[in-house]
2 protein chains.
Amino acid sequence: MTGISALPIGVFDSGVGGLTVLRALRAALPSEDFLYLGDTARLPYGTKSAATVARYAMQAAEALAARGIKCLVVACNTASSVAIPALAVRLAPIPVIGVIEPGAAAAAQATRSGRIAVIATEGTVRGGAYPRSLAALAPHAVVTQKACPLFVALAEEGWTDGPIVEAVVRRYLEPVFSGDAAPDTLLLGCTHFPALVAPIRRIVGQGVTIVDSAETTAAATAAQLARLGLQRAAGIGAVRMMATDGPERFARVGSVFSGEPIAASEVELVDL
Amino acid sequence: MTGISALPIGVFDSGVGGLTVLRALRAALPSEDFLYLGDTARLPYGTKSAATVARYAMQAAEALAARGIKCLVVACNTASSVAIPALAVRLAPIPVIGVIEPGAAAAAQATRSGRIAVIATEGTVRGGAYPRSLAALAPHAVVTQKACPLFVALAEEGWTDGPIVEAVVRRYLEPVFSGDAAPDTLLLGCTHFPALVAPIRRIVGQGVTIVDSAETTAAATAAQLARLGLQRAAGIGAVRMMATDGPERFARVGSVFSGEPIAASEVELVDL
């Protein structure tokens, strides 16, 4: 199994938001190599139909599998919500891990009142994957969903705080978090949203637990690799980045999510 | 030439913003039939590279040409700014009309001070098509460009006025329109932006002429058809709509730009 263990972990997202998941994966698995693919030519997935997103996700997964990976992490919430079963069948025996189940498990564990709010893109909300997953894990939980599409545009523009961002956050979230039956747990169901966590925290208040899927997905990936005996004992943690469009924009906007600068010259342009 | 004259006019956009152009075309040419194609599966074009946009535009143009059109109007600013020459070669002898030249001509005619501001998507700004076109029409004009990507997200969300929209408009435009050398003409270089014209007007003031490409493009199309003897004398003005993704979202968001309700059942789903 040495040969397989040495392969990189594939990480796929519609764009650069998944770099928050990559960041958490690198922290949890510092010896592993990673191959990241952002489908920037066709983003955003969040406003597209389930059939289209599933088709795009399959093409991206096949492109990563063709380059040799030992595990696929679908960092995109929209793709995770519609494509995981089909991807798992196509890529078998390569394990496929999405962000929905780990995020839902963390939210189910965090809530005390049983009232959980999920914020995500239109596509993820419409698909209903989080409520389904939460219903299985916490059958008595009351789940409120709210699509917050402008959060994506704000994060991509690099506007992550300030009066405009706070006003947008207030408009989306104040109706959800007012009243006696307000949720005590907020699940960030889109990889772009952690970039706005400071204004989100101010609007929802200190009493709400904010759960983001990145860390729980990284933990789930580490557990899965250990279970399969595929963890790498030692390595330098190399990262290769690929995008389906404009390495310059990927590098610029990606740096917001990655937590460290990305050089456009490090990003390989690929066609799916 | 009766056969050709009876064909519809093809209108292509990355999504639903081009419906503002379709609306102006229908007003200018009430006897003509129209075939509208929105490439909603791959929108937005505004953040994508020139090569990718040119490839998508070619596929869309070929899909329309294959269905039989007498003229192609490229309603998307980003596609117009990078793809018109290649489209004209491929579709010849079908005439191809973009929104850049008509918009630039109207702005060049409107300005008294010679100072023109162009607001558009990142892709259109980066491509520089408006400054190039304005340099040819008004060589002494001073052109300022400003990318306003959040305007697209706001319009698609249906947030077309109010304190948040006004704050975003102020953040983008106040620096451009302050000082003694402020432009006297503002060219809306994106089909989404007419939806936000009320707050834009408040921020730039009454003294600024706001030019939108939709009406000037419709006039240019009418003139081109007349020149080629392709105008239709009588007709009911039928419109067929096609989209590459989700007819429901096309109908819902499209109604913001179309000025009249669109039923999802009227929108045909096509694959490019």
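Helix α11 of chain A, residues 213-227, has 15 residues and spans 21 Å from its first C-alpha to its last, close to the 21 Å expected at 1.5 Å a residue. The model is predicted. In it, chain A is divided into domain 1 (2-98 + 215-269) and domain 2 (101-213), and 18 residues of chain A are in contact with 18 residues of chain B.

**Helix α11 of chain A**
- The buried residues of α11(A) are A:S213, A:A214, A:E215, A:T216, A:T217, A:A218, A:A220, A:T221 and A:L225.
- The cover over these buried residues includes the strands β1 (9-13), β3 (71-74), β4 (96-98) and β8 (209-212) of chain A, together with the helices α2 (19-28) and α5 (100-110) of chain A.
- After α11(A) comes A:G229, which has a positive phi near 65 degrees.

**The two domains of chain A**
- The centres of domain 1 and domain 2 of chain A, taken over C-alpha atoms, are separated by 23 Å.
- Contact between them involves 26 residues of domain 1 of chain A and 25 residues of domain 2 of chain A.
- On the domain 1 side, two or more residues each are given by α2, α3 (50-67), α4 (77-91), α11 and α12 (247-258) of chain A.
- That side of domain 1 has 12 nonpolar, 11 polar and three charged residues.

- On the side of chain A that touches chain B, α8 (149-157) and α9 (163-173) of chain A each supply at least two residues.
- The largest share of that side, five residues, comes from α9(A).
- By class, the side of chain A that touches chain B has eight nonpolar, four polar and six charged residues.
- Because 100% of the interface residues of chain A are also interface residues in chain B, the copies meet through the same surface.

**Nonpolar core**
- The largest nonpolar core has 180 residues, and A:L72, A:V74, B:L72 and B:V74 have the most contacts inside it.
- In soluble globular proteins, nonpolar side chains tend to be buried together.
- Leaving aside residues up to four places away in sequence, B:L72 touches B:G10, B:F12, B:A61, B:L64, B:L87, B:L91, B:I94 and B:V96.

**Residue B:A106**
- B:A106 lies in helix α5 of chain B, residues 100-110.
- B:A106 counts as buried because it has 22 C-beta neighbours inside 10 Å, where the cut-off is 20 or more.
- Its contacts, not counting residues up to four places away in sequence, are with B:V211 and B:T216.
- B:A106 and B:I210 are 104 residues apart in sequence, and their C-alpha atoms are 9.9 Å apart in space.

**Cis peptide bonds**
- In chain A, a cis peptide bond with an omega of about -5 degrees joins A:L43 and A:P44.
- A:P44 lies in the loop between β2 (34-38) and α3 of chain A.
- In chain B, B:L43 and B:P44 are joined by a cis peptide bond, with omega about -5 degrees.
- B:P44 is located in the loop between β2 (34-38) and α3 (50-67) of chain B.

How values were computed
Residues are numbered from 1 along each chain as its sequence is written. Chains are lettered from A and ligands numbered from 1 in the order in which they are written. This is a predicted model: local features need pLDDT of at least 70, side-chain atom pairs count only at pLDDT 80 or more; totals for chains, interfaces and linings use all residues. Two residues are in contact if their C-beta atoms, placed from the backbone, lie within 7 Å. Helices (H or I, at least four residues) and strands (E, at least two) are DSSP runs, numbered from the N terminus. Ala, Val, Leu, Ile, Met, Phe, Trp, Tyr, Cys and Pro count as nonpolar, Asp, Glu, Lys and Arg as charged, and the others, Gly among them, as polar. A nonpolar core is a set of buried Ala, Val, Leu, Ile, Met, Phe, Trp, Tyr and Cys residues joined through C-beta atoms within 7 Å. A residue is buried if 20 or more other C-beta atoms lie within 10 Å of its own, exposed if 12 or fewer, and partly exposed in between; C-beta atoms are placed from the backbone. The expected span of a helix is 1.5 Å times one less than its number of residues. Domain bounds come from an automatic or database domain assignment.
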